[in-house]
Amino acid sequence: LPKNQFEYSVPARIISDTGNSKFSRANLNYGLSKRITIGSGIEYLSSVQGGKGMPFVNASLRLGADVIFSAEHTSGVVSKANINYRLANNIQFDFNYVKYSRNQTAVRLSYLEERKAIISMPIRGKRFNGFTRLTIDDVTLPKSKFTTSEFLLGGVFAGISSNFTTYAAFTNAQPVIFSKLSLTYRLPKGIRFTPQAQYEYNEKYFSMFRTELEKQISRNGFVNVSYERNVIS
């Protein structure tokens with residue numbers, strides 16, 4: 001926030017869980033200087049066991065023009081930290097660390113720790129504009145640990161929109177790796193044609209094929225027809 005600016009929000013919600021839990025979060029933030037913002041507040045969740053009020057504190061710090069560091073601690077629930085670094089050529093690095101309290105009941109995950117790194121970069125050429133992103137997520141559970149990664153390459157070349165994504169999951173067992181390719185062609189009369197395919201590297205076969213046709217029939221109306229062949233299910 002700008003220096004000396006104060007900002008607050010108090011949203012309230014009903015959650016679509018089995019007990020229609022009530023949730024609210026009073027969040028207060030203050031611009032301590034041009035580069036530092038501090039905040040605090042309290043969360044309320046009716047389904048939390050052993051105390052429903054959860055106070056928290058947070059802060060964010062801008063280091064130079066390209067680095068932002070932020071952190072938040074919610075008492076008895078979770079601690080978070082994030083670093084965002086953007087280079088002059090728009091390459092962006094995001095690093096996230098989350099540590100959950102072992103006996104917390106506010107977040108319905110059995111995670112103890114989570115570490116995530118994201119690297120993203122735009123790609124520009126004479127005939128191709130695209131975007132690439134690599135995500136690595138490492139999770140620690142009470143009795144195990146697993147790592148997942150995702151590599152995304154998307155863009156537009158010669159009027160064809162494309163998206164190629166590769167997923168990998170690493171556990172104590174054999175890694176699971178597969179890729180998905182999607183292409184969108186603009187056909188005459190405003191029809192969009194999108195073929196998709198998924199390839200399983202472990203089994204060495206294509207596990208899914210999908211074809212989709214879509215046409216806009218009015219300002220607010222679309223017709224969509226699709227066919228999918230899923231080998232696994």
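Student: In which sense do strand β13 and strand β14 pair, and over how many bridges?

Tutor: Strands here are DSSP runs of E with at least two residues, helices being runs of H or I with at least four, and both are numbered from the N terminus; two strands pair if DSSP finds at least two bridges between them. By that rule β13 (residues 176–187) and β14 (residues 191–200) pair in the antiparallel sense over 8 bridges, and Lys 180 has Gln 198 in β14 as its bridge partner. The two strands form a hairpin with 3 residues between them, where Lys 189 in the turn has a positive phi of about 65°. Please keep in mind that this is a predicted model, in which local features need pLDDT of at least 70 and side-chain atom pairs count only at pLDDT 80 or more, whereas totals for chains, interfaces and linings use all residues. Residues are numbered from 1 along each chain as its sequence is written, and side-chain values use heavy atoms, with hydrogens and water left out.

Student: Which residue stands opposite Tyr 199 in β15?

Tutor: Tyr 199 stands opposite Phe 206, within an antiparallel pairing of β14 and β15 (residues 205–218) that runs over 10 bridges. Their hairpin has 4 residues between the strands, and Lys 204 takes a positive phi near 60°.

Student: What is found in the turn between β5 and β6?

Tutor: That hairpin has 3 residues between its strands, and Gly 64 in the turn has a positive phi of about 70°; the strands pair in the antiparallel sense over 8 bridges, with Arg 62 bridged to Ile 68 in β6. β6 in turn pairs with β7, in the antiparallel sense over 8 bridges, and Glu 72 stands opposite Lys 80 in β7.

Student: How many salt bridges does the structure hold?

Tutor: A salt bridge is a side-chain nitrogen of Lys or Arg within 4 Å of a carboxyl oxygen of Asp or Glu, and the structure holds 10. In one of them Arg 133 pairs with Glu 150, the closest N and O atoms being 3.0 Å apart. Arg 133 lies in β10 (residues 128–140) and Glu 150 in β11 (residues 145–157), so the pair ties together parts that are 17 residues apart in sequence.

Student: Which residues form the nonpolar patch on the surface?

Tutor: Patches are made of residues with over 30% relative accessible area and no salt bridge, like charges being joined within 9 Å and nonpolar side chains (Val, Leu, Ile, Met, Phe, Trp, Tyr) within 5 Å; the areas come from the Shrake-Rupley method with a 1.4 Å probe, and for residues only the protein chains shown count as cover. The patch consists of Leu 32, Ile 36, Ile 38, Leu 61, Leu 63, Phe 69, Ile 83 and Phe 95, with about 610 Å² of accessible area together. β4 and β5 (53–63) each supply at least two of its residues, and Leu 61 lies in β5.
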